[in-house]
Amino acid sequence: MSTTYPASGRRHRPFFWEELAQQADARCSTWAERGLRALRDGLGSEPGAAPAMRHLHRVELTDSGRSGDRLPDTYRAEHAALTLYGLHQAAGAGPVHCPGVGLGTAVRTLSEGAFSSRAGAAERRLMAAASAQDLEELVQHLRGLVPLLRHAAIGLDYTRLYRDLVAWQTPDNGRVLRAWGLQYTCSAPAAVAVPEPATRDEGGGRYWSTFLPGHPRAGADLAALRSGVGRVAGTVPAMWPFYRTRVSAPLRDKGALTRDLVAEHAALTVFGLHQQGRTVRLHVPGTTPGDACRTLLARGSGTDRTPVERRLGALLTSLDAGELAQHLRGFVPLLRRAGIGLDYDGLRRALRYWDDPQRPQEQPRIRSRWDRDFHTDPTAPRP
């Protein structure tokens, strides 16, 4: 793809939305009014096809970019961001370009404010946008979301949105999705840095601890969790409402893939497989995989011990957290059929620390505990 930046890699001028945000007088000028009208007229048009918009572009096209069959993605992304900005910004009104406010943060702010009645519509549009297959579909969904933000007087960082649009059809797409999801679901104030703790996972607010098997949405929620199997944490919009991991503002806005988020994602997908079709909650505090295997053998009259031991052995010899999660997904269907639960807080901690180089003592400790629970008489007191 041809670059749209000068050789120095820097733009000569701020983006149009940056210029208007920086100059209060300019927002009331005839120039601004004409520019915003041109942006709205450009809605639905092909990039470069609206003559009145061309002077508002700041991304510079190279000769090869102009002569190619397709305009560079950076130019197309700027066209999309400009038209969305034109839909959002009213002439003479306060700036809607708000540096630091990501798309997920803006939608979360709407849901928490006086316009919370529109939160459902905004969430649906955000989810639809996050599921878009290409840039055109993404922009179409954002056109339905931006008016909701405008009516609620909520701004957006258009420079960040432009970068997200550029990255949408690249391998960096997962980072964009993760940032939107974490911004939308994380309750920590944007200015507060929340450290990644070693013990915060002791809390009882994880989804599996509050799951109600008889709830009308239980089946749909579990299906959403299962949709995340084999997917990278934070990239499945259907799973966003179920995350409880809190991430610091800088990592959240970057869409960072933290160990805490990866572990919770894996535990949620395993729970979705385990709980499927069961009318009793299968999160059972204190029950390790070793306990579950021992119970499975005790309940199954004539059950062959070898396959059960093989399943547990695969868990115990997992080389990393990814392999452990894979073996857990193959293990829980046996428990589901027998109605045997697991401690998902414990599983989440195991997945979090299994291959953490800063906690090398955790894997041997967890492995020893699970193995001991399998071989120990349940009536004997635990050490």
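This is a predicted model: local features need pLDDT of at least 70, side-chain atom pairs count only at pLDDT 80 or more; totals for chains, interfaces and linings use all residues.
Me: Why is threonine 83 called buried?

Reply: Its relative accessibility is 0%. A residue counts as buried under 20%, so threonine 83 is placed in that class. This residue belongs to helix H5, which covers residues 73-88.

Me: Which residues does threonine 83 touch, leaving aside those up to four places away in sequence?

Reply: Threonine 83 touches Leu39, Gly42, Leu43 and Met53.

Me: What makes the approach of threonine 83 to alanine 80 a polar contact?

Reply: A polar atom of the threonine 83 side chain lies 2.8 Å from the backbone oxygen of alanine 80. The cut-off for such a pair is 3.5 Å, and 2.8 Å falls within that limit.

Me: Is aspartate 356 buried or exposed, and how do you know?

Reply: Aspartate 356 has a relative accessible area of 7%. Since buried means under 20%, the residue is buried. Aspartate 356 is found in the loop between helix H18 (344-353) and helix H19 (362-375). Its side chain makes a polar contact of 2.9 Å with the side chain of arginine 352.

Me: Why is valine 232 called partly exposed?

Reply: The relative accessible area of valine 232 is 44%. Buried requires a value under 20% and exposed a value over 50%, so 44% belongs to the class in between. Valine 232 is found in the loop between helix H12 (218-226) and helix H13 (249-254). Together with Leu257 and Val262, valine 232 makes a nonpolar surface patch of about 230 Å².

Me: How do you know that the span of helix H14 agrees with its number of residues?

Reply: Helix H14 runs over residues 259-275, which is 17 residues. The expected span is 1.5 Å times one less than the number of residues, and this comes to 24 Å. The end C-alpha atoms are 24 Å apart, so the two values agree.

Me: What makes helix H14 largely enclosed by the rest of the structure?

Reply: Of the 17 residues of H14, 15 are buried, and the helix is therefore described as largely enclosed. Just after H14, glycine 277 takes a positive phi of about 80 degrees.

Terms used: Residues are numbered from 1 along each chain as its sequence is written. Side-chain values use heavy atoms; hydrogens and water are left out. Helices (H or I, at least four residues) and strands (E, at least two) are DSSP runs, numbered from the N terminus. Buried means under 20% relative accessible area, exposed over 50%, partly exposed in between (1.4 Å probe, protein chains only). A polar contact is a pair of N or O atoms within 3.5 Å; within protein, one must be able to donate a hydrogen and the other to accept it, and residues adjacent in sequence count only if both atoms are side-chain atoms. Contact means heavy atoms within 4.5 Å. Patches are made of residues with over 30% relative accessible area and no salt bridge: like charges are joined within 9 Å, nonpolar side chains (Val, Leu, Ile, Met, Phe, Trp, Tyr) within 5 Å. Accessible areas come from the Shrake-Rupley method with a 1.4 Å probe; for residues, only the protein chains shown count as cover. A salt bridge is a side-chain nitrogen of Lys or Arg within 4 Å of a carboxyl oxygen of Asp or Glu.
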